Amino acid sequence: MPASIKLQQEYGDALQVLFVECQGADQETAEAFAWRQKWMGTRAMWTTERPLEVGGNGLPAFALLDTEGKLLLDGNPLDMKKKIEAAIAEQVKKTKAAPSGTPDALAKTWARFVKGEVAGAIAECDKLGTDVALSGPAKTLHDEMVARTESTIGRGKWLTENGYVAEASELLAGLAKGVKGHADLESKVAAELTHAQDKSLAAEAEASKALASLQAKMTKDKPFEDANVKALQKLAEKHAGTKAGERAAQLAKLAAIEFK
Amino acid sequence: MKHSMRKHGGLAVALLGAVALTTAARGGDEGTRYTFSKAPANSMGVKGMADLRGKPVLIDFWGTH
């Protein structure tokens, strides 16, 4: 099992592992490979797109970004295992820290934001920004808070549109209380939450729950053994017309991809 | 369906590198600029690297060969 998967399991949501297939396989093939290796079942994401250029084209290779997206380390992970682990541990401690360059006077405001008091933090930030000495940093922090919140709202919308209804509801409901008082964000969250909780999506919710349960089983079994493939096909049929049904059908097709 | 998983030669790797140079960004916040053209598997709504601000990101470059 790749060390990255173990790190994703260890840190959960505090770390994001992104696997980038670099030898020309398409995404379906890369996914099929990962399923067959029993690498699925964590929060790790899988793509064939390179979001970042690092030195050289040799494999294996890695890049570690800090909490603000800056490149911290890159190279051959086999040579740098302990360094990578130490750097990740350090960065995970910083996930609640204010963005670099934030003056001390705004640090507590950021702490409120991280706790979920979105509207309160933004209002406080704006108030502190009336001090000329803080106006620049306060605007930067305000923009960051809004951007992160809108990113979360965007994720909620995507989750709903792709049939992850329960996950969308949980994410957006968690945000709803904190944005009360910020008119724009409050209305955006309310709109997406209403959509996620719409009764017309009950079939999507049921299908998604069934697929999640089957996928959890697959990560423990031989993922593409006949019984699992048949279960996927049956689920796709039973929940035809739902996004989870489509995903089940697609996953069953991945089982047909073999490797020499 | 069997895939022929031949090793890619230097040309393919060089081309991949060239594409990567034109599509990925470098510079102080290089890790936040990229937007995926196709949602990664298991993305759960992450559309681009900017959505991952606030947590460290470990990019593992690997291959199916």
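Colleague: In what order do the elements of chain B run from the N terminus on?

Modeller: They run β-α-β, with one helix and two strands; helices (H or I, at least four residues) and strands (E, at least two) are DSSP runs, numbered from the N terminus. This is a predicted model, in which local features need pLDDT of at least 70 and side-chain atom pairs count only at pLDDT 80 or more, while totals for chains, interfaces and linings use all residues. Residues are numbered from 1 along each chain as its sequence is written, and chains are lettered from A and ligands numbered from 1 in the order in which they are written.

Colleague: Why is helix 6 of chain A called roughly antiparallel to helix 7 of chain A?

Modeller: The axes of helix 6 (residues 135-161) and helix 7 (residues 165-176) of chain A come within 8 Å and cross at roughly 155°. Angles run from 0 to 180 degrees between N-to-C directions, the axes being lines fitted to C-alpha atoms over the stretch in contact. Angles over 145 degrees count as roughly antiparallel (under 35 roughly parallel, 65 to 115 roughly perpendicular, the rest oblique), and therefore these two helices are roughly antiparallel.

Colleague: Which residues of helix 6 of chain A meet helix 7 of chain A?

Modeller: A:Thr152, A:Arg155, A:Gly156, A:Leu159 and A:Thr160 meet residues of helix 7 of chain A, including A:Leu171 and A:Leu175; contact requires C-beta atoms, placed from the backbone, within 7 Å.

Colleague: Where do the domains of chain A lie?

Modeller: An automatic or database domain assignment gives domain 1 (3-93), domain 2 (104-197) and domain 3 (201-254). The C-alpha centres of domain 1 and domain 2 of chain A are separated by 28 Å.

Note on methods. Two residues are in contact if their C-beta atoms, placed from the backbone, lie within 7 Å.
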